[in-house]
Amino acid sequence: MSEFVEKVRAALRGFSAMKTAKTVVCGLSGGADSVSLLLALKELSGELGFTAAACHLNHGLRGDESDNDERFCAELCGKLGIPLCKKRESVRDYAEKHESLEETARKVRYDFFEEALAVFGENSVLATAHNANDNAETVLLNLIRGTGLRGLCGIPPERGRIIRPLLDIPRVEIELFLGENAQDYVTDKTNFSVLYTRNKVRAKILPEILEINPSFLSAIARMSKNLRADEDFFDEAAEKILEESKSGRGYSAEKIDACPEPIKTRAIKKILSGGGVEPSALRIKTAVSLLKKRSARYNTSKNRFFTIRKGVCFMEEIEQRFGGFNEKKD
């Protein structure tokens, strides 16, 4: 067994979702990362007692190249005897009606992952091929844009039924493993375009940092792991205060306001998210500033309000009409 596969095995054994998993579905793009993961899952499936499977989403963003990627994935899975769930989705058309192309592609991809998990059953988990380079790039991107503690935690190794077995493995080891096994893969040419911010970080910034500190990837991995423990602590404290401050249809604004700032802001973030609102830094800050009031109403986004009524804060949906508001009844 190669060192690469041993690392994947160790990662799989550490995931809580693997305790009941009977099928591990690889999110297969056809690129080096996901192909290496698929090969490792195939090799480990007998020893660890699960069935290896795969899923592939054709975004339709690169025309013939996207179709070639789909064919490659189908042929690889056929050769390995691995069941494949695949789907085509017009991401560009969807993005025109919603948000940025990058954000839309991510949303569509993870929606598809949920569909794939449904296909393979309740005892299945989805393995994505994010690696150590991806994690470092994510942390750097978050720093560039401005972030809090969660942004420095990087990519979570496990979330629900999604696991990331390659997260501590550098891309160079992935490519070495594929070379040793004479396994080809497809290359997304858009990964080389510096029009995308992540690609600029990958092609220009990260190589310079690695020249200064060749151990940067492992250093970031250690930092992310330590900070995730801190973030989990604050997150659990916020959950606890929300449970303790329940009042009527919402939560006691006074009790939340009495909390230390890290817990207070996380509690508000959870309230906003629970109301279907993206908890941006500005929205959190604005909502926190209202907690001392007995009554207040903040329009967080279209028809969605953070409301304080008689000292109780909650999210509500209100249809805005000329001349006033019309509260939507459940």
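This is a predicted model: local features need pLDDT of at least 70, side-chain atom pairs count only at pLDDT 80 or more; totals for chains, interfaces and linings use all residues.
Me: What makes a run of residues a helix or a strand?

Reply: Both are DSSP runs numbered from the N terminus: helices are H or I with at least four residues, and strands are E with at least two. The chain comes to 13 helices and twelve strands on that count.

Me: How do you know that the end-to-end distance of α10 agrees with its number of residues?

Reply: The expected span of a helix is 1.5 Å times one less than its number of residues. For the 29 residues of α10 that gives 42 Å, and the end C-alpha atoms are 42 Å apart, so the two agree. Helix α12 (residues 261–274) has 14 residues, which should span 20 Å; its end C-alpha atoms are 20 Å apart, so this helix agrees too.

Me: Why is Asn303 called buried?

Reply: Buried means under 20% relative accessible area, exposed over 50%, and partly exposed in between, with a 1.4 Å probe and protein chains only. Asn303 has a relative accessible area of 18%, so it counts as buried. Asn303 is in the loop between β9 (296–301) and β10 (304–309). Of the 330 residues of the chain, 45% count as buried.

Me: Why is Ala182 called exposed?

Reply: Its relative accessibility is 71%, so Ala182 counts as exposed. Ala182 is in the loop between α8 (171–180) and α9 (197–212).

Me: What makes the phi of Ala182 worth a remark?

Reply: Most residues other than glycine have a negative phi. Phi of Ala182 is near 50°, a positive value in a residue other than glycine. Asn303, also not a glycine, has a positive phi of about 65°.

Me: What makes a space a cavity, and what makes it a pocket?

Reply: On a 1 Å grid over the protein atoms alone, a cavity is a set of points where a 1.4 Å probe fits but cannot get out; a pocket is an open set with protein on both sides within 12 Å along at least five of seven lines. Lining residues have an atom within 4 Å of a point. Grid points are joined across faces, edges and corners, and a volume is the space filled by probe spheres set on the points. The structure holds one cavity of 30 Å³ or more, and about 40 Å³ of space lies in the largest cavity.

Me: Which residues line the largest cavity?

Reply: They are Asn135, Ile155, Leu167, Asp168, Ala221, Ser224 and Arg228. Helix α10 gives the largest share, three residues.

Me: How do you know which classes these lining residues fall into?

Reply: Ala, Val, Leu, Ile, Met, Phe, Trp, Tyr, Cys and Pro count as nonpolar, Asp, Glu, Lys and Arg as charged, and the others, Gly among them, as polar. The lining of the largest cavity therefore divides into three nonpolar, two polar and two charged residues.

Me: What volume has the second largest pocket?

Reply: It has about 290 Å³. Of its 14 lining residues, the closest to the centre are Pro157, Leu167, Asp168, Lys225 and Arg228. Helix α10 supplies the largest share of this lining, four residues.

Key. Residues are numbered from 1 along each chain as its sequence is written. Side-chain values use heavy atoms; hydrogens and water are left out.
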